[in-house]
Amino acid sequence: MVDFSISEVDNEILAQLRAEGKAGEKYTRYYEDHEEEIIPKKFDEADDFPSIMSLMKKRSFDDTPGATFQMLLIMQRAATLGVTLQTRTGGLGNAALGAAGTDEQKKKWGGMTLAMSITEPGAGSDTKAIQSTARLDGDEWVINGDKIFVTTGIRCEGVVVWATVDKAAGRAGIKSFVVMKGTPGFNIVRKEKKLGIRTSDTAAYSFEECRIPRENLLGGDESVPKPGQGSASYKGVLKTFNMTRPAVAAGGVGKAKGALEWCVDALKDEGVEVDWEASAHNRTSAQQTLIEMEADTDAAALTVLRAAWLADKGQPNNVEASVSKSKGGDVCRTVPQRAMNLLGAMSVSHDHLVEVYLRDGRISDIYEGTGQIQRLIIARNILGFSSAELS
Ligand SMILES: Cc1cc2nc3c(=O)[nH]c(=O)nc-3n(C[C@H](O)[C@H](O)[C@H](O)COP(=O)(O)OP(=O)(O)OC[C@H]3O[C@@H](n4cnc5c(N)ncnc54)[C@H](O)[C@@H]3O)c2cc1C
């Protein structure tokens, strides 16, 4: 039976996460306006809160299952706009390491923050267009190429880089490599300037004759495909999307939830109370809009929880992950937009943070595969087409 009830200890953790997110909001506008600065690893206010890890230790098997709870945490955190008071380790590259790395590689790099670098100036949604190359030279791989939009690309300790070992092989030629910061030939070109998530660091890289040990190929040498076979490493890394897509969707749902809450509170301050029980013919237009915003947000949240719940059960969730990403990518745009419509001029003022929900939420419909790409994946699965047949 599907059960999304939340235990007492989990509610305690979620409440603390919300309090921390709220406490960080006093720094948000500063770091929004000073995008070139990197947020400190720890703010003084962090000491006012017990570490989330210490609270996590109180959890037992009776509490919300792991992946599902992870989604609730992300939604809760994203619903507030505070900068992170204490930076924790981990990045998108860690998910790839978990899915495709050997035991030895997991032991070696698991405790570090690893970014994930797929996108290039000429390769976004279409990853088989990747031009970065890796060639084997004795016991070293030599990486060359340009990469853009690497999340946590400045503060990470290393990065999982996609490059092709054989352009003619298309997708099967693409492998992922772990490259540590400080390796000669690995250059940070710039910190990207962005519309939203301006408090998150996003980098552009270049690799010039960058030499890394042979054992830095994710998944090890056996991940190099035999003729006619797909790439195990590529497939392994693709599997990470089945968890990272719901996670990105959860971030989008959180932004929608936060904008809705902000809107309800701001209207209340102006004397506009919402009667959630009013019958349809007695509702004001504002009430109707808020009810629709809530229904859309909840529906999107349920798709995220379903994808995570399947992962917790060890069941395939490829399509559900894409459905959640598509729905999360919708509400992160449409709900803050409707909140701004209701709030009028207040919503564009620099004095209020509500507009940040719209700008920060926007990315949830772009990275980890755009909404259009998710709908392609869903359609292929429903219709039984391969990516070559429906692209
Ligand atoms: C802030 C930020 C952080 C990011 N972080 C990372 C990161 O950590 N690592 C990383 O590797 N990348 C990252 N990215 C890159 C992101 O994953 C890409 O931007 C995304 O995959 C889309 O690629 P693109 O921008 O090249 O758009 P394109 O692929 O050029 O697409 C442009 C438009 O066309 C649509 N489109 C493309 N193909 C199709 C199709 N077949 N059918 C229908 N519509 C289609 C797309 O949906 C989109 O609307 C980040 C991007 C941003 C903005």
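Tutor: Let's start with a rule: two strands pair if DSSP finds at least two bridges between them. We will apply it to this predicted model.

Student: Why do strands β2 and β3 count as a pair?

Tutor: Strand β2 (residues 133-137) is joined to β3 by five bridges. The rule asks for at least two bridges, so β2 and β3 pair. The two strands run antiparallel, and L136 has W141 in β3 as its bridge partner.

Student: What marks out G138 in the hairpin of β2 and β3?

Tutor: This hairpin has two residues between the strands, and G138 takes a positive phi near 65 degrees.

Student: What makes β4 and β5 a pair?

Tutor: Here the bridges number seven, joining strand β4 (residues 158-164) to β5. Since at least two are required, β4 and β5 pair. These strands are antiparallel too, and A163 stands opposite K175 in β5.

Student: Now a single residue. Why is F69 called buried?

Tutor: Count the other C-beta atoms within 10 Å of its own: F69 has 21. The cut-off is 20 or more, so F69 is buried.

Student: Where is F69 found, and what is F69 in contact with?

Tutor: F69 sits in helix α4 (residues 66-78). Leaving aside neighbours within four places in sequence, its contacts are D10, D63 and T64. F69 and L305 are 236 residues apart in sequence, yet their C-alpha atoms are 8.7 Å apart in space.

Student: What makes helices α5 and α10 "mostly covered"?

Tutor: In α5 (residues 92-100), eight of the nine residues are buried, among them L92, G93 and N94. In α10 (residues 354-361), six of the eight are buried, including Y357 and D360.

Student: Which residues have the most contacts inside the largest nonpolar core?

Tutor: They are M71, I143, F177 and V304, in a core of 84 residues. Helix α7 (residues 232-269) gives the largest share of this core, 12 residues.

Student: Why do we say that this core lies between domain 1 and domain 2?

Tutor: Both domain 1 (8-78) and domain 2 (92-230) give residues to the core, so the core lies between them. As background, nonpolar side chains in soluble globular proteins tend to be buried together.

Student: What does F177 touch?

Tutor: Not counting residues up to four places away in sequence, F177 touches A134, W141, I143, V161, A163, I212, N216, L217 and L218.

Student: Finally, which residues of the ligand's surroundings are the closest?

Tutor: The closest are I118, G124, S125, T151 and T370, out of 22 residues that surround the ligand. By class, this shell holds 12 nonpolar, nine polar and one charged residue. Strands β1 (114-117) and β3 (140-151) and helix α11 (371-383) each supply at least two residues of the shell.

Definitions and conventions
Residues numbered from 1 in each chain as written. Predicted model: local features only at pLDDT ≥ 70, side-chain atom pairs only at ≥ 80, totals over all residues. Near = placed C-beta within 6 Å. Helix = DSSP H or I, 4+ residues; strand = E, 2+ residues; numbered from the N terminus. Nonpolar A, V, L, I, M, F, W, Y, C, P; charged D, E, K, R; others polar. Core = buried A, V, L, I, M, F, W, Y, C linked by C-beta atoms within 7 Å. Buried ≥ 20, exposed ≤ 12 C-beta atoms within 10 Å, placed from the backbone. Domains from an automatic or database assignment. Contact = placed C-beta atoms within 7 Å.
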